[in-house]
Amino acid sequence: MLKIEHLTKSFGNKKAVDDLSLHIRPGEIYGFIGHNGAGKTTTLKSCAGILQFDSGEIYINGKSIKQDPLGCKKDIAYIPDNPDIYEFMSGIQYLNFIADIYKTEKSKREERIGKYSDLFELTSDLAQPVSSYSHGMKQKLALISAFIHEPKLLIMDEPFVGLDPKAAFTVKELMRELCSNGGAIFFSTHVLEVAEKLCDSIAIIKSGKLIVSGPTAEVKGNESLEDVFLELVE
Amino acid sequence: MFSALLKSRFQAMFSAMFRTSKNKKKRGIGFKVLIGFFAVYVIACMFFVFGMMFYSLTAFAEIGLSWLYFAVAWTVASALCFIGSVFMTQSQLFDAKDNELLLSMPVPPSYILASRMVSLLLINYLYEALVVIPAIAVYVYKFGAMSAAQIICWIVACVLLPVLVLALSCLFGWLLAAIASRLRNKNIITAVASLLFLVAYLYIYSKAQYYLNMLLENGESIASAFKKAVFPAYHFGLACADGNILSLLIFAASCIIPFALVYAALSVSFIRICTANKGAKKIVYRKKALKTSGTRSALIKRELSHFWHSPMYMLNSAIGLVFMILGVVYLGIKRDILVQLSAQMPEISGLTGLILCAVIVLLTAMTCISAPSINMEGKSLWILRSLPVNSKEILEVKAYFHIAVCVPFVLVSAVASAVIFGLDPISSISVIVISLAATAFTAYFGVAANLLFPKFDWISEAACAKQSMSVVIAMFGSMAIAFIPGICGFFIAKSYGTVFVYLFAGLFYIALTILTRLFVVKKGVKMFEKL
C-alpha cells in the first residue's frame, strides 16, 4: 500500500530524513516512533504529498507521489499533529467542502458524515463555527473528514493528542475496521503503550535514520516497547 | 520582569516588520530600503497636508487666539491617535495569543497590561508626531523663537497627549470586545460599521476646506465652545501658546487621572476579560440534505466564505470597489458641475472616456483581493496541499474569485459613467473592455506577488490583509503599471486620436494578463508547491 524507498529530505544543512525505506502492506497498522525532531512529521508529510523531498521515491498503491500526486492523494487521508482547520467555516461546511473535493456522492457523504459525527459525538456542534471548537473537537472534525471518502491509506501525525478516552477508543476501532477492509494506516505516536497494543508493525527513527522496523513482536522481543525504544535511541 | 515583557513586545513588533515567514530569516537590504522609502513618502505627505492646514490656522494666533491653534492641533492629533489605536486595543490587549501563557506565569496581570499599553502608547506617539511636528514647525516658522517655558510646556504636553487618548481607546476597545463577543453576525456588523466609518471619514475629508474656513470665520465662538466643552484641549492650548504652567498641570491631571482609573479598572478585571466565555449562543445542528459542488465551485465557495467571514480582509482588499460605487454616486449627483468643468478645459475635451478609464483602472489597482489570498491560508495551508487538487487550479481559483467579486462593480461603474457622460459607443465599449482587462491583470498580479512574498505566521488576519508585502507590491505595482498606458496614451492621443489609445491600453492589459497568468500557472505552481 505504501512503499518508501531511500527517502531523503534536508532543511538547509540538516538532514531531517536520511535514506529511509519502509514498506506498509494492505491491512497493516504501522506505528512510527521517534524522539522530538527525529523526522517523523517530515516523513509523514512527504508521504501525504505536502512536502517535496530531495531524493528517493514514495509509492502509494503502486503510484508514485512524484509522478501522480493527485492519483495518490485520492487514495489517502492525512491528519496533521495540529488540526488547524478553516476557522471561517462551520463544522458541516468543512466536511461538505472535503466531500466536494473528493467527489463523494451526496447520499454517501450524508450517510458517512452522520455516522462518524455520531460516533465522535460531534453532530450537535456541526453548525458551530470551527473557531469556537476546542482542540479535541477540531481533532474529531479532522478525523471525520478523513473517513468521508473511505481512504485506502490513512496517514496520521499524533492522532490521539487532545482526544477524550472515548474518542480515542473510537479512533482505534475505526483504524482496525479500515485495515480489516484492506486499508492501511501509517501513524506517528509518542504513546508507546498504544503503539504496542495497536500496531502490527513498528518503525523507530532517530535523527532522520531508520534504526529498526518490522512486526511489533519482532521489534520488542521479550521486552516492553518502552525499554526497546529507550535502549535504541540513547 | 516588566522589562522582559516589554522586550518581548518590541521583539514581536520588529519581527513582524523585518523578518520573513520562512525560518524567520532576516529581510534583505532591498526590502528595508523599500520600506524606508515608503515610510518617508507617507510621512512627507502627512507633514505636507497637516503643515498646509496649520499654516491656514496661524490666523488664530494673529488675532490673539494662539491657544486655539494648539487646541485644534490637540483635537486633530487625538482623533488620529484614537482612530489609529482603537481597533488595535482589542487585539493587542484582550485577544493577544500569548495572554493565557503569560497569565499562567508568575507575572502580575497589571504588568502584562502595562507592557501592552506601552507598545500601544509608542504607536500613538508616532501618530501624534505626524500632527504635532508640522503644527510646531509652522508656528515657529511664522512667529519665531519661543521662550524656555513654552518649550518645556510643549515637550511635557506632547508627551502627555496620547496618554488620555490611550485611556479612551482602551475603554472603547474593551466595550467593542464585550459587544462583539455577544453578537452572532458580528462579521456583517463590523463590516457595515467600518464601511459607515469610512463613508463618514470621506465625507468629512471632502468638506475639510469648508470646516477649515468655518473654523477661521468663527474663531471667537469656537474658542468659547472649546473653553466650556473640551477643557483638556483648552489647557493644552494655553500651556503650548503661553507657556502657562498652571494650565500644563491641569492638562497633566486631565490626562493622568483618567488613564490611572482605566488602568486600575482593567488591571483588576484583566484576567476575567481575557478568559471570559464568549456569550454567543450555540447553534444546534439539525441533519439535513447537503448541497454538492464540483471541485472548482467548492474552492470558489471556500474563498467566498473566507472573504465574507473576515471583515478586515473584505474592507481592506475591496476598498477600490467601495470607491467605485461612491464615485458613480458622486458622478450622478455632480454630473452638471463636472460637465461644465470639462467644457471650461478645452485641452481635455474629447478625453473624457480616457480619463474615466484611467480612474476605473486606478481603482481596480486598489482592489487587492488576490494579493494576500495565499497568506490568508496561514496554518491551514496543509488542507489544500493534502487534497487531490491541482496546484494550478488552486491558484487560478484565487484569481477567478478576485475577478468574480470585481466584475459587477467594474461593469456598473464603467457602464454608469459612460451613460452619465454620454460617451460614444466606441469609447463606452473601450472603457468597459479596458477596465475588465485591468481587473484580470490585477487578479493574477496579486497571486504572483503573493507567491513571491509569502508570509504565513501572521498574528491577526487584519495584519495579514493590510500589511502583507504582497498587498503593498500588488497595489502600488498595479498603480505604477497603470501609468504606462496613461503616459503613452497621452502622446498617442495627440498624434493618432483616442481610438488608438483605447486599442493600445486594451492590448497592453490583455498582454500583461496573459504574461502574468503564464507566470502563475508555470513558475508560480512550482513556487506554491515548495511553500
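## Cysteines

This predicted model holds zero disulfides over all chains; a disulfide is a pair of cysteine sulfur atoms within 2.5 Å. B:Cys45 is in none, and the nearest cysteine sulfur, that of B:Cys368, is 18 Å away. B:Cys45 is partly exposed, at 33% relative accessible area (buried is under 20%, exposed over 50%, partly exposed in between; 1.4 Å probe, protein chains only).

B:Cys81 is also in no disulfide; the nearest cysteine sulfur belongs to B:Cys158, 11 Å away. B:Cys81 is buried, with a relative accessible area of 0%.

## Interface between chains B and A

Contact links 33 residues of chain B with 36 residues of chain A (heavy atoms within 4.5 Å). The buried area is about 3,300 Å², 63% of it from carbon and sulfur atoms. Buried area is the accessible area (1.4 Å probe) that two parts lose on being put together, summed over both. B:Tyr285, B:Leu290 and B:Trp382 supply 23% of what chain B buries against chain A, more than any other three residues.

## Salt bridge

The count between the two chains is one salt bridge (a side-chain nitrogen of Lys or Arg within 4 Å of a carboxyl oxygen of Asp or Glu). The side chains of B:Lys287 and A:Asp118 form a salt bridge, at 3.0 Å from N to O.

## Basis of the values

In this predicted model, local features need pLDDT of at least 70 and side-chain atom pairs count only at pLDDT 80 or more, while totals for chains, interfaces and linings use all residues. Side-chain values use heavy atoms, without hydrogens and water; residues are numbered from 1 along each chain as its sequence is written, and chains are lettered from A and ligands numbered from 1 in the order in which they are written.
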